[in-house]
Amino acid sequence: MCELYVRADPIFYESRTRSLRIHGVVTTIRLENMFWDILTEIAAADGMTVNQLITKLSDEILELRGELPNMASFLRVSCLRYLDRERRVPSGASSAVGQTVALRRVG
């Protein structure tokens, strides 16, 4: 069972740091490459760049919660929730339903 995980290409879990601007403020985020790939997929499905997606997510979580103590952890959980939702959507319905999955509010 563990072979599936331990044989993963190390590039997937190598960290990459990106700097982006959120409302004019430079923010640095460090995530594993696989999470950057998932964020790219989510952003593309929503017709955005990764920077636009992260800004939108940041705005919405701050509006909902008032603070965001750990952006990297929030983004990792967002990616996992996206993958979980994609896994649960019946085959063939994914493209129609998954369009705005990253930006939907849960509450």
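This is a predicted model: local features need pLDDT of at least 70, side-chain atom pairs count only at pLDDT 80 or more; totals for chains, interfaces and linings use all residues.
The chain has a mean pLDDT of 86, with 83% of its residues reaching 70 or more. Among the elements of the chain, the highest mean pLDDT, 97, belongs to helix H3 (residues 33-45), whereas the lowest, 45, belongs to helix H6 (residues 94-97). Over residues 94-107 the pLDDT is below 50, and this stretch has 28 contacts in the model beyond near neighbours in sequence.

The largest nonpolar core comprises 21 residues, and those with the most contacts inside it are Ile29, Leu31, Trp36, Leu39, Ile54, Met71 and Leu75. Two or more residues are given to this core by each of strand E1 (15-22), strand E2 (25-32), H3, helix H4 (50-65) and helix H5 (71-88). Leucine 39, when its neighbours within four places in sequence are left aside, is in contact with Leu31, Val50, Leu53, Ile54, Leu75 and Cys79.

Isoleucine 61, which is located in helix H4, has a relative accessible area of 13% and is therefore buried, the cut-off being under 20%. Apart from neighbours within four places in sequence, the contacts of isoleucine 61 are with Gly66, Glu67, Leu68 and Phe74. The C-alpha atoms of isoleucine 61 and phenylalanine 74 are separated by 9.3 Å, the two residues being 13 residues apart along the chain.

With regard to the aromatic rings, the structure holds zero aromatic pairs.

Methods
Residues are numbered from 1 along each chain as its sequence is written. Side-chain values use heavy atoms; hydrogens and water are left out. Rings of Phe, Tyr and Trp (its six-membered ring) pair if their centres lie within 6.5 Å; planes under 30 degrees apart count as stacked, over 60 as edge-to-face and the rest as tilted. pLDDT is the predictor's confidence in each residue, from 0 to 100. Helices (H or I, at least four residues) and strands (E, at least two) are DSSP runs, numbered from the N terminus. Contact means heavy atoms within 4.5 Å. A nonpolar core is a set of buried Ala, Val, Leu, Ile, Met, Phe, Trp, Tyr and Cys residues joined through side-chain atoms within 4.5 Å. Buried means under 20% relative accessible area, exposed over 50%, partly exposed in between (1.4 Å probe, protein chains only).
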